[in-house]
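Work through the exercises below with the sequence and the 3D structure at hand. Each task is followed by a solution in steps.

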Amino acid sequence: MGVATLPGNGEIATDAVATHPLILGLQPAALVDHVAHIDWSLLDQIPEKKTVSFLAVSIPKVAIEELEHILKEVKAHKLALPDELSPMKTMAGGSVANTIRGLSAGFGVSCGIIGACGDDEQGKLFVSNMSFNGVNLSRLRMKQGHTAQCVCMVDELGNRTMRPCLSSAVKVQADELTMEDFKGSKWLVLRYAVFNLEVIQAAIRIAKKEGLFVSMDLASFEMVRNFKSQLLQLLESGDIDLCFANEDEAMELLRGEQTTDPEAAAEFLAKHCNWAVVTLGANGCIARHGKEIVRVPAIGEAKATDATGAGDLFAGGFLYGLVKGLSLEECCQVGACSGGSVIRSLGGEVTPENWQWMYKQMQIKDLPLPDIRN
């Protein structure tokens with residue numbers, strides 16, 4: 001895989017083969033995740049404790065000093081489970097990074113990422129992790145400053161308590177995006193976030209001029225609730241080709257309507273997007289493309305150790321299906337296999353063993369395996 005180097009102009013050179021990646025991810029700020037299994041005794045000491053299962057909730061942000069304190073406590077309270085090589089993992093994080101890394105490492109799709117990382121140890125770690133997994137980093141800017149971090153503490157039931165540190169983290173700005181960033185690619189993958197709205201709008205504008213399809217994840221039900229009008233403007237623009245929502249986000253989108261079930265949400269999204277997918281956790285997903293509707297169950301054999309990245313890897317599998325020309329139902333099935341693979345271990349990165357598990361599930365369902373497996 002490519003090893004990234006840091007030239008003097010602030011952009012990150014990479015020897016990844018694809019000059020024009022098929023799929024580009026927009027993650028304005030690089031993020032590093034510190035993920036550990038911990039016992040409840042630590043969680044009881046954390047102020048404003050909020051846990052996250054498969055559903056997203058409000059997550060208090062912390063200053064760097066508090067993050068470092070939590071990390072120190074986590075190292076003292078972490079649990080080593082029998083089948084884990086390490087009780088704590090540090091890796092490139094963020095929803096889009098999880099999707100792009102999975103597409104590259106597990107499906108062999110040429111991918112790149114647009115964003116910025118700091119010139120600190122965390123920035124170097126983000127670069128190293130994404131580069132190792134074959135992601136093209138020539139569109140990732142390195143800037144002076146801090147890279148965003150998040151501590152993710154997982155209890156024995158797989159519930160997560162998360163503390164992100166985003167203060168003063170560097171990120172790419174709207175006026176830094178260029179046509180060259182998007183030229184030759186087919187898909188742009190992004191996550192809805194109102195604090196990144198300007199750069200999201202700029203990216204979509206350029207992507208559409210360059211003929212790219214745009215995929216958007218709705219991020220969290222609170223993002224939908226608090227910034228619904230801006231989201232509706234994005235959807236009504238007709239520029240979003242594929243939209244992913246989990247059940248809570250879907251319900252929030254339809255709050256105040258007569259019908260608020262997942263089917264109604266998929267129908268609503270399909271009015272504005274070519275493909276609309278509502279994921280239902282352990283209950284699978286519902287997807288629409290035009291008048292076609294499918295409902296696909298989750299992979300029953302998946303053992304949930306940590307829900308981090310489940311939706312992100314589902315999106316990666318679904319996108320793999322689209323670029324391979326698979327049917328709507330097959331796209332959902334690949335997504336279910338992919339999402340099921342990441343929840344079997346800590347963090348949003350799929351282990352080699354769990355990629356093998358996913359390929360086996362795909363074989364059982366007679367789905368086409370990635371070229372890297374043939």
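**Exercise 1. Find which residues of the largest nonpolar core touch the most other members.**

Step 1. A nonpolar core is a set of buried Ala, Val, Leu, Ile, Met, Phe, Trp, Tyr and Cys residues joined through side-chain atoms within 4.5 Å. Buried means under 20% relative accessible area, exposed over 50%, and partly exposed in between, with a 1.4 Å probe and protein chains only.

Step 2. The model is predicted: local features need pLDDT of at least 70, side-chain atom pairs count only at pLDDT 80 or more, and totals for chains, interfaces and linings use all residues. Residues are numbered from 1 along each chain as its sequence is written, and side-chain values use heavy atoms, leaving out hydrogens and water.

Step 3. The largest core has 56 residues, and those touching the most other members are I23, F107, F126, M130, L242, F318 and M362. Helix 11 (residues 310-323) gives the largest share, eight residues. Helices (H or I, at least four residues) and strands (E, at least two) are DSSP runs, numbered from the N terminus.

Step 4. Another core lies apart from this one; it has 47 residues, including L188, I200, V214 and V224.

**Exercise 2. Describe the surroundings of L242. Is L242 buried or exposed?**

Step 1. L242 is found in strand 10. Its relative accessibility is 0%, so L242 counts as buried.

Step 2. Contact means heavy atoms within 4.5 Å. Leaving out residues up to four places away in sequence, L242 touches W187, V214, S215, M216, C273, W275, V277, F318, L319 and L322.

Step 3. C273 is 31 residues from L242 in sequence, yet their C-alpha atoms are 5.6 Å apart.

**Exercise 3. Give the strand order of the nine-strand sheet and the helices that lie across its strands.**

Step 1. Two strands pair if DSSP finds at least two bridges between them. The open sheet has the order 5-4-1-8-9-10-11-12-13, with mixed pairing.

Step 2. Strand 5 (140-143) and strand 13 (292-296) are the edges, each pairing on one side only. From one strand to the next, the twist averages 15°.

Step 3. Strand 8 (residues 187-191) and strand 9 (residues 213-217) run parallel and are joined by five bridges. V189 stands opposite S215 in strand 9.

Step 4. Axes are lines fitted to C-alpha atoms, for helices over the stretch in contact, and angles run from 0 to 180 degrees between N-to-C directions. Helix 11 lies across strand 1 (23-29), strand 8, strand 9, strand 10 (242-246), strand 11 (275-279) and strand 12 (285-289), at about 155° to strand 10. Helix 12 (residues 328-342) lies across strand 11, strand 12 and strand 13, at about 30° to strand 13.

**Exercise 4. How do helix 3 and helix 13 pack?**

Step 1. Helix 3 (residues 95-107) and helix 13 (residues 352-364) pack at about 75°, and their axes are 11 Å apart.

Step 2. Angles under 35 degrees count as roughly parallel, over 145 as roughly antiparallel, 65 to 115 as roughly perpendicular and the rest as oblique. The two helices are therefore roughly perpendicular to each other.

Step 3. Helix 3 contributes G102, A105, G106 and F107 to the contact, and helix 13 contributes W355, M358, Y359 and M362.
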